[in-house]
Number of protein chains: 2
Amino acid sequence: MTDRNLTDIDALIELMAKLPGLGPRSARRAVLHLIRKRALLLTPLADTLQTVAETARECLNCGNISTSDVCDICTSNKRATGEICVVEDVSDLWAMERTGVFKGRYHVLGGTLSALDAIGPDELRIPRLVDRVAAENITEVILALNATIDGQTTAHYIADQLHGNIRLTSLAQGVPIGGELDYLDEGTITAALQARKDI
Amino acid sequence: MTDRNLTDIDALIELMAKLPGLGPRSARRAVLHLIRKRALLLTPLADTLQTVAETARECLNCGNISTSDVCDICTSNKRATGEICVVEDVSDLWAMERTGVFKGRYHVLGGTLSALDAIGPDELRIPRLVDRVAAENITEVILALNATIDGQTTAHYIADQLHGNIRLTSLAQGVPIGGELDYLDEGTITAALQARKDI
């Protein structure tokens, strides 16, 4: 942009362009927008980023991202319902929380088993899940893993590890709300047909 | 996300979602990405944002965004070519600079004249442009305004103000490089035909 070496503004554009969903052009647009809305957006964003950079960490218990060693869900007594919902990733936990329907606690695996990427049970917080089921009076483990091959392989492995007198469930498969049959794949329709219910 | 009020992470997602090009979903994805790449991305971004929030300002001379009172282009003697390129916005200045072809200085109007939005010459740094043309030994003013009605109205107004013994030019209009005639509007083709050149 200038005769000199990289200025702070150029450096900011480069960093913003590394965010998912932003490229060089949209990063420039975002930076201009930030500079124009300094008091409303730039300063609050800089402060909040600084705070999060200092405080954000993984919950030692469940792997959720939190600003304390143990996350709010794990410390809340209200959430001690005896249910653990197992998810692959923090974004899946957030997606579950947005529904507001699940009242129990979570366990974030941090990925799925994958022979190709050499990810085994120890990379995935699975031993920690087995410990928690014993320690936290768990009665039901809900496997909310993605309906991919790796996700289902992981679900089978966890089911094997958790045999005993707890209930093991997984999310129902079927037609999404608002989904049109014409646009759904055969696998989903087959699953929906096999799990059909009386009305 | 939690039982408590808005956490810092939620606040960060809300702020990120206000950036152009990001919505709530992509803001969540960006924040998770930031937290995972703390050392590589989150901390540098927080630091750079803080610096820019403290130092970024408009160049007193040309309106470019800079980290000093007068921007690098205005202070550089190499850029004192006697040419001023008039642009609507800092993003246009950046677009011009990316070509690396223009060696002179800029003047950022900060918008276009608009009766509808009650934007007159005084809102637009036009008086400052007139002063600069007299003070900086300017021989040519290039009007690089957008080819919109407001942009062209502003160009005409500036041309009126700058009558005298300087050269006034505007960007050529025609077929963009790589452009296909079939996809161009009639106005562009008409302009390109009228400005046809011998080969």
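Start by selecting helix α7 of chain A: the largest share of the lining of the second largest pocket, four residues, comes from this helix. Helices here are DSSP runs of H or I with at least four residues, strands are E runs of at least two, and both are numbered from the N terminus. You are touring a predicted model, in which local features need pLDDT of at least 70 and side-chain atom pairs count only at pLDDT 80 or more, while totals for chains, interfaces and linings use all residues. Residues are numbered from 1 along each chain as its sequence is written, chains are lettered from A and ligands numbered from 1 in the order in which they are written, and side-chain values use heavy atoms, leaving out hydrogens and water.

**Stop 1: the pocket in chain A**

The second largest pocket holds about 370 Å³ of space. Show A:L145, A:A147, A:Q152, A:L171 and A:Q173, which are the closest to its centre among 16 lining residues. Both α5 and α7 (149–161) of chain A give two or more residues to this lining. (On a 1 Å grid over the protein atoms alone, a pocket is an open set of points where a 1.4 Å probe fits, with protein on both sides within 12 Å along at least five of seven lines; lining residues have an atom within 4 Å of a point.) A volume is the space filled by probe spheres set on the points, which are joined across faces, edges and corners.

**Stop 2: the pocket in chain B**

Now select B:A144, B:L145, B:A147, B:L171 and B:A172, which lie nearest the centre of the largest pocket. About 430 Å³ of space lies there. Which helix gives the most to this lining? Colour α5 of chain B, which supplies three residues.

**Stop 3: the sheet**

Back in chain A, show the open sheet of four parallel strands, ordered β4-β3-β5-β6. (Two strands pair if DSSP finds at least two bridges between them.) At the edges, β4 (105–108) and β6 (167–170) of chain A each pair on one side only. Next, pick β3 (residues 83–87) and β5 (residues 140–143) of chain A, joined by four bridges. One pair of bridge partners is A:I84 and A:V141.

**Stop 4: the whole chain**

Finally, zoom out and colour domain 1 (8–55) and domain 2 (65–170) of chain A. Their C-alpha centres lie 33 Å apart. These bounds come from an automatic or database domain assignment.
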